[in-house]
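Here is a short report on one protein chain. Look over the sequence and the model first, then read on.

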Amino acid sequence: MTLLAVGFATAVAFGLAQFVAELPQGLLERGAVAAKVGALVTIALVVRRAAR
């Protein structure tokens, strides 16, 4: 459920950056990449633990 919330928050941030010029798009992109990397690491650890 947490990964879904992170994905939703990232999508909202990108959507807002398209319409609000004051928001820093580069910073939002870095945050989105960091969130996706965190999600991938979490998924990899869960799969690894389940495979044992």
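Ala44 counts as partly exposed, because its relative accessibility is 45%, a value between the 20% cut-off for buried and the 50% cut-off for exposed. The model is a predicted one. Ala44 sits in helix α2, which covers residues 25-51.

At 52% relative accessibility, Arg48 counts as exposed, since the exposed class begins over 50%. From Arg48 to Leu23 the C-alpha separation is 38 Å. These two residues are 25 apart along the chain.

Now to the other helix. Helix α1 takes in residues 2-19, Phe19 among them. Phe19 has a relative accessibility of 76% and therefore counts as exposed. Leu16 is in helix α1 as well. Its relative accessible area is 44%, so Leu16 is partly exposed. Leu16 and Arg52 are 36 residues apart along the chain, and their C-alpha atoms are separated by 42 Å.

The C-alpha separations are set out below.

| Pair | Apart in sequence | C-alpha to C-alpha |
|---|---|---|
| Arg48 and Leu23 | 25 residues | 38 Å |
| Leu16 and Arg52 | 36 residues | 42 Å |

Which residues form the nonpolar patch on the surface? Leu16 and Phe19 are two of its members.

What of the chain as a whole? The protein chain has 2 helices and 0 strands. Its radius of gyration is 14 Å, well over the 10 Å that the globule rule gives for 52 residues, so the chain is more spread out than a compact globule. The C-alpha trace spans about 50 × 20 × 10 Å along its principal axes.

Burial and surface complete the account. Of the 52 residues in the protein chain, 8% are buried. The accessible surface of the chain amounts to about 4300 Å². Carbon and sulfur atoms hold 72% of that surface.

Conventions: Residues are numbered from 1 along each chain as its sequence is written. This is a predicted model: local features need pLDDT of at least 70, side-chain atom pairs count only at pLDDT 80 or more; totals for chains, interfaces and linings use all residues. Side-chain values use heavy atoms; hydrogens and water are left out. Patches are made of residues with over 30% relative accessible area and no salt bridge: like charges are joined within 9 Å, nonpolar side chains (Val, Leu, Ile, Met, Phe, Trp, Tyr) within 5 Å. Accessible areas come from the Shrake-Rupley method with a 1.4 Å probe; for residues, only the protein chains shown count as cover. A salt bridge is a side-chain nitrogen of Lys or Arg within 4 Å of a carboxyl oxygen of Asp or Glu. Helices (H or I, at least four residues) and strands (E, at least two) are DSSP runs, numbered from the N terminus. Buried means under 20% relative accessible area, exposed over 50%, partly exposed in between (1.4 Å probe, protein chains only). The radius of gyration is taken over C-alpha atoms; the globule rule is 2.2 Å times the number of residues to the power 0.38.
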